[in-house]
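These are my notebook entries on a structure that is new to me.

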Amino acid sequence: MSEYILAVDIGTSNVKCMIARPDMTVLAEADSEYETLCTGAGRYEQDPELWWRHMILALQAAAAKASVRTGEIGRIAVSSQAPTMLPVDAAGRPLGNALIWMDRRSDAQCIDMGRRIGDGTVYRITGNKADPFYVYSELLWFKQNQPALYEKTRWILQANGYLNLRLTGSFTLDATHASITQCYDVLHRCWSSELLQPYGVPAELFPPVSQPVDVIGTVTQEAAAQTGLRAGTEVLAGSVDGAAAALEGGVTADGVAVEMSGTSSVLLVGSDRPHTSPNLTYMYSVVPEQHLLLGCMSTTGGVLKWYRDTFCDRADPAIYKKLDAQILAQCPEPSPLIFLPYLAGERAPIWDTNAKGVLAGITCATTQAEIIRAAEEGAAFALMDNITEARASGAQLRTLRAVGGSVNSRIWMQIKASVVGMPIEIPTSCHGAPGGMLAVLSCAEGEFASIREAAANLVRIRETVDPVAAWIPVYQEKFELFRSTYRHLKPDFPSFHQAGGN
């Protein structure tokens with residue numbers, strides 16, 4: 001058994017590393033932040049080398065906090081933002097930046113898939129509608145627009161697959177990531193020739209599919225020299241960050257849901273059977289034979305980061321606490337404003353590449369606190385939009401939990417609970433995806449008989465945030481205004497997009 005385990009998560013804005021004991025006792029965590037490249041309207045990329053460099057920085061920082069030597073770590077698992085389209089050559093060298101989940105440049109390829117293959121066929125095979133969010137349309141864009149680089153491509157990797165490559169030298173793909181490539185047959189668990197053959201894309205571009213708990217290799221001598229990890233340390237396949245966060249939130253039973261907030265926010269609803277909705281995302285769970293229905297929102301979790309970076313001193317470590325205090329002091333009741341949190345288009349449930357962020361209702365009397373609160377309310381309305389869609393599809397939602405950055409704001413959690421009209425449980429551990437990876441690692445260490453058992457031992461509810469009764473009817477009206485505002489502005493959004501808005 002290992003003395004220590006390491007969970008790594010490659011997020012949209014940073015890499016997090018968490019060091020723990022095999023029984024999931026967390027010793028320390030640290031992160032290292034990097035930037036996303038916006039190379040044009042709807043085009044979002046990341047340099048994969050930054051994931052590696054900042055993983056090393058975060059690992060060193062976490063090890064120092066825990067007073068642990070990195071060479072004492074015995075097992076590693078990596079989760080990541082998803083989906084990502086990263087082409088590499090036979091030697092594993094990236095053939096450009098990774099197109100991340102925010103990228104919307106492949107709209108035309110999605111439309112062509114509908115014409116050539118059929119939207120119904122795509123949905124039947126993958127459980128998801130054709131959209132630039134997924135890997136396949138981005139791969140087709142790459143094939144059609146960068147043919148010389150496509151010819152050099154040997155593998156298409158996900159973000160955690162690239163880190164696994166740097167750690168072990170092996171080309172890998174976990175099942176949760178495979179299920180959202182949009183060219184994988186999720187019922188038959190194989191690559192779909194019905195989707196790949198019309199475009200001449202070989203299934204061999206994708207690495208073999210492993211289960212999250214599978215050992216896919218060990219740390220190489222080269223990786224050990226760069227990271228301080230011990231050569232021979234086992235590395236597991238890992239998973240999508242959302243699937244990992246679902247574990248930490250205890251989404252291992254039908255009807256349990258969790259909202260994971262980071263730069264993006266994701267609603268994850270657990271189901272004991274494959275359950276799909278054309279406006280939501282279907283994905284495998286880390287728990288074998290369980291399924292997830294996701295409402296993936298693009299930047300709702302990042303609205304305060306956007307506000308911080310645009311209007312505040314981003315170097316101030318207490319800035320978020322100050323923003324909370326400002327709301328409580330100057331805008332303690334629902335804001336009179338409407339904020340559409342579509343800062344990079346939007347995924348579920350509207351799937352609108354052209355959607356833009358909107359702040360509506362400003363007057364001469366509008367205060368800064370009202371704007372901040374409106375941004376938080378907008379994120380809550382987007383969550384409710386997805387809950388409404390999930391329920392309309394027949395999904396059960398009996399318990400709602402929250403993990404990630406927004407749980408650190410009491411007022412934001414009260415707003416969310418009041419908007420959705422039900423209590424929100426906050427687990428004691430709110431580490432997000434790294435916390436879920438601990439359950440996978442601990443199971444691999446033999447501490448628990450199954451991932452489900454490990455997750456059950458991980459979840460402890462710290463508190464339950466109840467709705468504020470007086471806010472519920474106000475937010476019910478505002479939610480309808482939120483949706484109406486989007487519907488009325490939707491026809492104009494393409495003009496903003498064509499004018500060069502990001």
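I began with Asp103 and Arg105, which form a salt bridge in this predicted model, and I noted 2.9 Å between the closest N and O atoms.

Next I turned to Lys416 and Glu259, whose side chains meet in a salt bridge at 2.8 Å, N to O. Because Lys416 belongs to helix 14 and Glu259 to strand 17 (residues 256-261), this pair ties together parts that are 157 residues apart in sequence. Lys416 is buried, at a relative accessible area of 1%, and Glu259 also counts as buried, at 3%.

Arg483 lies in helix 17 and Asp385 in helix 13 (residues 368-392), so here the parts tied together are 98 residues apart in sequence. I recorded Arg483 as partly exposed, at 24% relative accessibility, whereas Asp385 is buried, at 8%.

I also noted a network of salt bridges that links Glu33, Glu35, Lys305, Arg308, Asp309 and Arg314; the count for the model comes to 27 salt bridges.

Finally I asked how helix 14 (residues 410-420) and helix 17 (residues 471-489) cross. Their axes come within 8 Å and cross at roughly 70°, and the two helices are therefore roughly perpendicular to each other. On the helix 14 side I listed Ile411, Gln414, Ile415, Ser418 and Val419, which meet Trp471, Ile472 and Tyr475 of helix 17. By class, this contact has six nonpolar, two polar and no charged residues.

Notes. Residues are numbered from 1 along each chain as its sequence is written. This is a predicted model: local features need pLDDT of at least 70, side-chain atom pairs count only at pLDDT 80 or more; totals for chains, interfaces and linings use all residues. Side-chain values use heavy atoms; hydrogens and water are left out. Axes are lines fitted to C-alpha atoms, for helices over the stretch in contact, and angles run from 0 to 180 degrees between N-to-C directions. Helices (H or I, at least four residues) and strands (E, at least two) are DSSP runs, numbered from the N terminus. Angles under 35 degrees count as roughly parallel, over 145 as roughly antiparallel, 65 to 115 as roughly perpendicular and the rest as oblique. Contact means heavy atoms within 4.5 Å. Ala, Val, Leu, Ile, Met, Phe, Trp, Tyr, Cys and Pro count as nonpolar, Asp, Glu, Lys and Arg as charged, and the others, Gly among them, as polar. A salt bridge is a side-chain nitrogen of Lys or Arg within 4 Å of a carboxyl oxygen of Asp or Glu. Buried means under 20% relative accessible area, exposed over 50%, partly exposed in between (1.4 Å probe, protein chains only).
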